[in-house]
Amino acid sequence: MPHIQQLAPHVADLIAAGEVVERPASVVKELVENAIDAGATAIVTEIRRGGMGMIRVTDNGCGIAPEELPTAFLRHATSKMRSAEDLGKIGTLGFRGEALAAISAVSRLDILSRQTGAQSGAALHLEGGVPGDVRECGAPEGTTITVSDLFYNTPARLKFMKKDSAETAAVAGLMQHLALSHPDISFKFIKDGQDTLHTPGDGKLESAVYAALGRDFAKSLVAVEGCGGEVEVKGFVTAPLMGRGSRSMQVFFVNGRFIKSQLLTAALEEGYRNQIMKGKFPGCVLCVTLPAELVDVNVHPAKTQVKFAREKEVFDAVYHTVMDCLDGRGRTAEPVKAVEQAMNPRGDFFRTMDAKTYREEAAKPAAKPAVQPAPATPKKPVWDTERKKSVAVADVVQKPAGYQAFRPLEKPAGAAFGKPPASVTGRKEEAPAAGQPVPALKPEREEAPRPQPVQERRPIIPAIPQETLELPEQQTIEPRQEAPWRIAGEVLNTYIVCESEDGCVYLIDKHAAHERVNFDRLKAAAEPPMRQTLLAPIVAELTREDGALLLENAALLEQFGFACEDFGDSAVLVREVPADIDAADTVSTLEEFAENLRRGRDLNEKRENLLHTMACKAAIKGGWVSDRKELEVLVEKVQRGEVKYCPHGRPVAVKLTKYELEKMFKRA
């Protein structure tokens, strides 16, 4: 057995750095949390090449005394704890005193600090954890730490770093969480010389949400506030109709510290039960506050996981706060308009009424429609032989009693029918003398219709001579054999009821069956799926980590029919989507893609995970009305054994034998 010996301080520092410093985002987290604990009201974070080139954090906090600069980089050196009793009531973000020592052990570090009210500041340079001399220099109040060449002396860690875009996204996501947890501090994040985040620091959580998570997400939020016991819950949750495709937009804080907790996630989603679509997840920014002695933050080196002393109390507080908000309890009631005014402001036929009102309205006798006056008969001019002028029909018909109606003139032979007299046409004629008969009007000569010449039809001669085609012999199509099963119908617009010839009944989940059909088709396809170009490109507002992950795998998404490009500030612009995917599902599909890419270990696993999402999105959904032909195709594939399980492993059909049915009804 080898002898036991104490490790060299440098090796111990490297081991400690492996626990604390995993990637550039870990360095940013430790430095920014130290700045928050120092009482800063403005913090500026700048990185280059994803943090691998340079990380600089500047704050306006209390600063560090010149004589304490070398001590700050020793292991377990801290100003935030004094005794073992302080471990039970930790109120600061950093407290172990390992961060600065671990960071300086794997990088080249420069620190410049000046205490509040001091005349000058001090600077110190460390390389590989070895400090130089402290020198006096001019500096603004606060502290500036610059980290360069991260992992330069640990090449084994360096080769496991991801692309610069992925590391940048991790730092950006971290800055979002820090800005949300402290809305009273102004945070500014600069990547490669470009400002990507700047919060006002006005103390309002909604302002921080708007600046960090975007306008669209902020507009979908509903304010919540409640408490249970010693636990207080405050923040925002998304409306039920604004569900997300993944849990990436669920942000929890406990006593100002960003954490990941399955307990809080379960409590949140339990509050949305029966109010959110299946497969959708709520988003939130929830701040949980409770006494420091009721939470243990020292259970993980990165301090992203905590342990509650009273888990049920915390769960109930979050659950009831969210549920009461969604149900509208505890909210000031707004005046409700009358039903007729709210539902039918026009008062026309289309109105809403309850059953009692409908029966009362139906029992009333139908109102007779008012008699409408007959439309006035248009007055047509006729010739009055006695007046010798054109008069209206109404003038002729409506005469006093005793008046003798005029006799119409006899039309001589050959006269044109309906020819008006000369006075009507404007021709002047002499009026006959009194007592003389009225002479008959001479009709104008009517021209006989001219005979139309008969056109001879000429045969159409084709420009290209047509060859005589030999018709194939008549073929007899054999009638299709009847399938050994029968579709009895569909229930709940989800399950197909099928009866086989051996007396068994099958219940088939049409969504699961169609999902498997799509998965097999996509997996066996040699060519990428057909695309549809969007008339208006869709801007997908994602988290910074999800957006960077999708852009990093843009070539893989291209194989699935998605044409994506960077739109800046974690947004992804989508110009083309697969033909099988509804354009309205684009954002939720990309969110699920990001979650699947994060879980996949290698390229093949990532590809299969994406195929699962594609097949699910393109499949018919439970509750949809399906055509009879669609059901027949699905039943045929299930009955022939081509489809047994959905891509997620769930069965697509349930079989009930005749004996099992008779046993249910006590007939067997």
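## Exercises on a predicted model

The largest nonpolar core holds 57 residues, and those touching the most other members are Val 32, Ile 43, Val 147, Met 175, Leu 180, Phe 187 and Val 285. Helix H6, residues 164-181, supplies the largest share of this core, eight residues. The structure is a predicted model.

**Exercise 1.** Which residues does Val 285 touch, leaving out those up to four places away in sequence?

*Solution.* Step 1: start with Val 285, one of the core residues that touch the most other members. Step 2: list its contacts, which are Leu 180, Leu 205, Val 209, Leu 213, Phe 217, Lys 234, Gly 235, Phe 236, Val 251 and Phe 253.

**Exercise 2.** Where do the buried residues of helix H20 lie when seen down its axis?

*Solution.* Step 1: identify the helix. H20 covers residues 628-639 and reaches 16 Å from its first C-alpha to its last, close to the 16 Å expected at 1.5 Å a residue. Step 2: find its buried residues, which are Leu 631, Leu 634, Val 635 and Val 638. Step 3: look down the axis. The buried residues of H20 fall within an arc of 100°, so they line one face of the helix. Step 4: recall the general geometry. An α-helix has 3.6 residues a turn, so residues three or four places apart point the same way. Step 5: see what covers the buried residues of H20; the cover includes strands S19, S20, S21 and S25 and helix H15. Step 6: check the ends. At the start of H20, a side-chain oxygen of Asp 627 comes to within 2.9 Å of the backbone nitrogen of Lys 629. After H20 comes Gly 641, with a positive phi near 85°.

**Exercise 3.** Which parts does the salt bridge between Arg 108 and Asp 149 tie together?

*Solution.* Step 1: take the pair, whose side chains meet at 2.8 Å, N to O. Step 2: place each residue. Arg 108 is in strand S3 and Asp 149 is in the loop between strand S7 and helix H5, so the pair ties together parts 41 residues apart in sequence. Step 3: classify the accessibility. Arg 108, at 26% relative accessibility, counts as partly exposed, and Asp 149, at 35%, also counts as partly exposed.

**Exercise 4.** Is Glu 46 buried or exposed?

*Solution.* Step 1: the cut-off for buried is under 20% relative accessible area. Step 2: Glu 46 has 16% relative accessibility, so Glu 46 counts as buried. Step 3: the side chain of Glu 46 forms a salt bridge with that of Arg 48 (4.0 Å, N to O). Arg 48, at 44% relative accessibility, counts as partly exposed.

Note on methods:
Residues are numbered from 1 along each chain as its sequence is written. This is a predicted model: local features need pLDDT of at least 70, side-chain atom pairs count only at pLDDT 80 or more; totals for chains, interfaces and linings use all residues. Side-chain values use heavy atoms; hydrogens and water are left out. A nonpolar core is a set of buried Ala, Val, Leu, Ile, Met, Phe, Trp, Tyr and Cys residues joined through side-chain atoms within 4.5 Å. Buried means under 20% relative accessible area, exposed over 50%, partly exposed in between (1.4 Å probe, protein chains only). Helices (H or I, at least four residues) and strands (E, at least two) are DSSP runs, numbered from the N terminus. Contact means heavy atoms within 4.5 Å. The expected span of a helix is 1.5 Å times one less than its number of residues. The arc is that of the directions from the helix axis to the C-beta atoms. A polar contact is a pair of N or O atoms within 3.5 Å; within protein, one must be able to donate a hydrogen and the other to accept it, and residues adjacent in sequence count only if both atoms are side-chain atoms.
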